[in-house]
Structures are given as structure tokens and as C-alpha cells.
Amino acid sequence: MKVTIDGVQVELPAGTSAIDAVFHAGQDVPFFCAHSYLSPVGACRMCLIESGSPRKNPDGSFVMEGEGDAATPKIFWFPKPMASCTMQATEGMHIRTAATSDVVAKAQAGMMEFTLLNHPLDCPTCDKGGACELQDRAFEYGYGASRFGFDRRHADKHYPLSDFVILDQERCIHCKRCVRYFEEVPGQEVLDFIERGGHTFIDTEEGGLPTGFQGNITDICPVGALLDNVARFRGRNWEYDHTPTTCTLCPAGCSITADARNGRLERVVARENREVNEAWICDAGRFGHVFASEARLTRPLVRVNGELVETGWDEAIAAIRAGLGGMNTADLALFLHADSTLEEGAALEALAALTGTNSVDHWPRYPAEILSNATLNDIATADAVVVLGADLGEEAPIVELRVLEMLRGGILPPEYAHGTAIADLRLVERPARKPEKLAVIGSASRLSGNAGTFVEAANVDLLTLIRPDSEGARAALNLLNSAKNPVLILGADVLNGASAGAFATQLSDLMARTGAKVMAIPAAANSSGLAHLNLVPRSGGQGYSAINHTRAAFISRLDPVATGQSLGGFTIVHDTHLTATAQAADVVLPAVTNYEKRGTTVNVEGRLLPLQQAALNAGEAADLTRTLAALAEALGLRTRIRGLKSAQALLQTRLGVDVTDLPEAGAIRPLGPVYDAPTGQTHRPQLWTERMTLKPDPWKATWVDRIESLVDNKWELPMAGTGTSVTESSVTGGDD
Ligand code: SF4
Ligand code: SF4
Ligand code: FES
């Protein structure tokens, strides 16, 4: 299909929207309501263009203009500018943008004037300032001054839609992105326009916004109307250090940007990754980062006369050397959290080889690591999904969102070569959901309410599907059997009972019989990756569940005491916070969080994803690789892994992968066989419960209290040094 934009002819695939044709030609058109992952709605009228097409005679020939060889098809122009986001480009179409059309330039400037009619223009105090689509487009396409001198509409500037999302009603430009997001992505009709005309505002039903994925509306709101309450007033956009990295709160591995200011992690926003999280993240990933900047351990602690006292690394190493004095290095057990990076895992494995210990483990994990062969895009485009024994909202929320996407038709916007934002005309507004494509067997969860077949069962295993003994289970098996591209999702309830032998055989039989692909949700962000390294108890060694039988243990970012386990002998803890286990330890070494390290994790699909280091102030905290090098020194050994580069080189030898050249979106690469071992205990991920409940705990209390007290005090904000406060009425009082 040939389309001419501002005189330049481009070749485009059929079905391209006119707005995308403009971007493809390298031209620009402003837009507010269009969004790559939402249906086109034509609400803002900013994307105006002039367009015209050739017309055919009754005999099929083109109506021509000009004489002889110079004759060309005559272009019949629409009499008025048209919204390009709701129009499909067609063969031979001509488009004029503001760059070549005064009519378009004037219409867009006029639209901008109307859009700003009631806008408070409080950019100097708006959190979106510096990253606001309205600000940028007003500068590029507006008149620069308003001809309207009357008072603007006033509305509530601090209207909490939930504990986490706050609305400034004056700033809303009624683009409807937030409303469409809820309807089209998680499929929840919770937000809508109320009233008419200049009085229109968005609001929710009573009870606020649903839990799970509400924070995404703060990313897609093109203005500063919807704001992340946790990050609100914490910094201006240009003050943040933006670090593109990967969320490691669950095994989905969403791409995020970590925004830090003055050494604190103030905000997490979604980063587009078409393969993994598209443009969305879950609320735990977005709002659950506060721990990284609160009550951090910044210096080592050693126990002196029964008390932990702050000290330096040299003294801590000396204390470890003294504490382990007389022991065999093989007596020191090594345990690490399963969201540690591959590089850290390689460093631990190298140290274990050096010390000769057989007591090595990563936690949480399941007895057998079942590798998935389904990708997240396979789920979104499947024609049937069966979820067995999983609470996806607690285990891997973005997997839940992709299942919901499957219910609405699973249509992914096409990937155009130029990759610009497009409003895909094949996405229809409020697409019908098809619950009959989903069967859930297990405990009641958020997702089970969306399933056509739900079998509530406390104990489920693969036999539930292999030998179904209820109508619901038979319906689920039929769903797998009758679909062309079915996907089976396995969660904690099933995987806790998995054993390497029998389970794997049963599963491969089931896959062969039904043709289903499988996604087994790992227990933590990198338990899948660490299972490829030999980080499970070896013959004669103790696993994490038998920590009390160890003569000495090094524990990285795990808190066994909090879960009722008792410790063994001499204990070295490497952690970000003074956990219950750290309080009982002999030596505590400060650790960095996963927001502050470089490395690689392996997500639920087997996709290798890169982590980058955000600029947080963590004092003398160190990642596991460097900490293990210090530990080796305390043991009088010299490990070959002393930093990221040597760990990456070892990974290349050990797993045959080069993790230094990973694209930002990650890549699926085979890592070879996995190491399994019995666990001795079960694990049930509780992401939402752990991160998002508003119960006070040592490092959540401060911000939850802050928000609650602001709400209780009608948003009275203390002003530094004045002893006075800014009240709601004084903030809403003026717009000039
Ligand atoms: S709140 Fe934001 S996203 Fe929602 S309609 Fe208003 S401007 Fe659009
Ligand atoms: S789904 Fe998982 S990886 Fe994605 S943002 Fe949420 S917690 Fe992070
Ligand atoms: S009408 Fe809003 S982007 Fe087209």
C-alpha cells in the first residue's frame, strides 16, 4: 500500500492507521487519547490531518487529472481535517500534517486552546511537569497565549481514587485513557466519566479502585491528573536518575524504570517490553519499593558482649575469621535468596567449590524446577488457558494480566518496523470477554472470578487433570483437548508436590495428549535461573530447611527466624534490613537491594533479563558477589569470582551464555539441565499480601502513616521552616 504524507510516498502494510502512517514517514502529529495498547477513541481531536484519496469510476479505473502521460489519479480531499487515530490509511491516500497544511496547524492550535480552557496551568507544582504530554504539545502546537480571560473551572485537586492513586480533577483533559485501560486491559468497569461538558470528571464506584493493576493509569495519563500517591511530591522529573531495570519481586520479570533522587528510590514506573509486560506492571511492583529506602543497613554489625554494634568491613571480616576459627571451611553452609542474580549464584557456587561445602541452597524454590515452554505472549494469544493450583495475583501478577488479555481476544498490537506508538484499529472499544476460554482449579482468587469453569479445591495436583473426578475438572481437561493453542499454568499448590521423576513424566504425557504448552510459575524471581547452577544441597549436605543443623551458616537476604526456623551455630547474615535473623546473627553484612545491582535473572518464560544499578544511597552495602569475595578472604581463600566481569565469564563457561550482550527487553536462551533436590518445606508466594497490605511494619509505616494523616487532615501539607501549612482551600483558590 502506497501512501503519500506531506509529499513523501511511503510503502505501508495494509491496516496501518493514518496516525501511524504519519510517524512512519518521519513526520509528527500530536495526540493525547491514542495509546499503543488501547483502542482508538478519537476523544481529544489533537491528531488532526488533512486527508484525501483517489476515487474510482464505475468501470474500475481511477478518476484522473492532468493530460496524457502526466495524468495522475485525482485526490478527493475531505472537506474538514480528520482525526488520524481513528482512520485507516488506504491505497493511494494523501495526508497533510501541520508541517505542510495551515488548516491543520490552525485546527490543532485551536484544539489546544480548548483543551487548555479549563486547565489550571499549575505546571510549576505539578508532578508531571517536565514529562507531560500536554506541556510538550502546547509548546509545539499551541498559540502560546489564551484568548479566554474568564475564571477557570475549579474542582477537587486532591481526590484520592484509592490509597495509591490520587486525582487532580482540574488537570484532567478527558482523554479517557484511564477509563479505557480498566475496561480493556484488566477488564474492570470501575472508572467512568460523570456529568457533561465542562463539568465532566472521572470517578470510581464506591470502594475505590480494584487491587492488582490500578497504578498503570498513572503512567498513561497524559497530564498530571492521575498521580502515584507514594511518589507524589517526592521530586521533579528532571531531578530523578532514571534507571531501566527489571522488577524482581516475582518471576514475571517486568521491565521497569527505577527513579531515584538524592539516593532514595522514589518511584517505579512501567517500561515497555512487548514480550513480557507490554506497557503494564502490577501494583506490588509499582508501589512496593518503599522498603528499599527505609531503615536500611548501611554498615556491618558484629556481636560484642551480646549486642550488635556497628563496625567496618575489615572488623567484620576479622570477626568472621575468629568465629569460624577451628572449623573446617566445609562446615560453613551457604544459603541465598532465589531472587539473587545469576552472577551472584555463580559466585556462590564458585565459593562452595572452594570450601568444599555440600550445604548449599537457594530459597524459595520447589522440589523440582519445571521449565516452561510457554511464553507470556503464548498465553495472551492462546484459545484456552487452564490454571491449576495457582493464585497468580500473589505468585506472578503480570501472568494474570496476560490471561485477562487472552479473555478479551488476546490481540496484540502489531509490531511495526519503526515501533512508534500506534492506535491499532483492530482493537475495538470494550471488547467482549470470553470466560469460557478459562478454567481455574484451586483456591478462590482474583482470577477465578473471571473463569467460565472454576473448581474450588484445597489440594490439587496433576492427577486432578489426568484422572478428573469432578465435572469441573473434566470440563477443564476438555478445554485443553479441544483447543488449538492451549496453555496450562501450574502454580505453588501443584509445584510444592512436584518431584523430579514421576511429576515430569506425568506432565509430559499430559502435554503430549492435549498439545498444551506449560508455564510453571517459579517460586521467586530467579529460582529458575539458580536451579541451573548447582545451588541445592549436595550429598550429605544440609538444605535451607535444616539450617539449625549447620555448624555455621552464611545467609544472604533470607529471614528463617521470621518463619519460625531456629539457627544453627555461628551465623553470618547478609541483608538489606535488620531482620529477625539479622538480630540473632553473630555478624551482619549490609546488602544492596535488587534495584541497586547489575546482573541477570531468568523469568517465568526462561527469558534472561538484565538488572541495572539505580543510584541509591546504601552506605557500605555490597552485592553478594563482592560479599562472597570478602567472606573467602575471611576463610583464608581466594575465590576466582571477585566482581561482575569474572562472574559473567564463569557463566559463559558454566551455562554457555553470554549475558553481557543482552538486549534491554531480554532474550530466551537455553541454559541446559537443572539441579533439583527435596526442599523439606513448602512455599506459598504472597506478593500482594507481603508488599501491599497497609499493616504497619518497620519500613512501611512511615509512608502509609504519611498518606493516611494527609487524608485525615484534608491534605494539609506542612511547609518547611514556616510552622504553617498549605491547605486544600488555599491550593484550589487560584489558577493564575
Ligand atoms: S484522568 Fe488522565 S487519563 Fe483519565 S481521562 Fe483525565 S487526562 Fe485522561
Ligand atoms: S508482575 Fe512481578 S515482576 Fe511484574 S511488576 Fe509485578 S511484581 Fe514486578
Ligand atoms: S483524537 Fe485523540 S489522538 Fe486522535
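Start at ligand 1 and select the 13 residues around it. A residue belongs here if one of its heavy atoms lies within 4 Å. C172, C175, K176, C178 and C221 come nearest. Colour the shell by class: ten residues are nonpolar, one is polar and two are charged. Here Ala, Val, Leu, Ile, Met, Phe, Trp, Tyr, Cys and Pro count as nonpolar, Asp, Glu, Lys and Arg as charged, and the others, Gly among them, as polar.

This is a predicted model: local features need pLDDT of at least 70, side-chain atom pairs count only at pLDDT 80 or more, and totals for chains, interfaces and linings use all residues. Residues are numbered from 1 along each chain as its sequence is written, chains are lettered from A and ligands numbered from 1 in the order written, and side-chain values use heavy atoms, without hydrogens or water.

Next, the rings. Phe, Tyr and Trp rings (six-membered ring for Trp) pair if their centres lie within 6.5 Å; planes under 30 degrees apart are stacked, over 60 edge-to-face, the rest tilted. The count is ten aromatic pairs. Select F23 and F31: they sit edge-to-face, 5.9 Å centre to centre, with 75 degrees between the planes.

Jump to W363 and Y544, a stacked pair at 5.7 Å and 25 degrees. W363 lies in strand β20 and Y544 in the loop between α16 and β26, so the pair ties together parts 181 residues apart in sequence. Helices (H or I, at least four residues) and strands (E, at least two) are DSSP runs, numbered from the N terminus.

Now select Y37, Y181, F182 and W280, a cluster linked by ring pairs.
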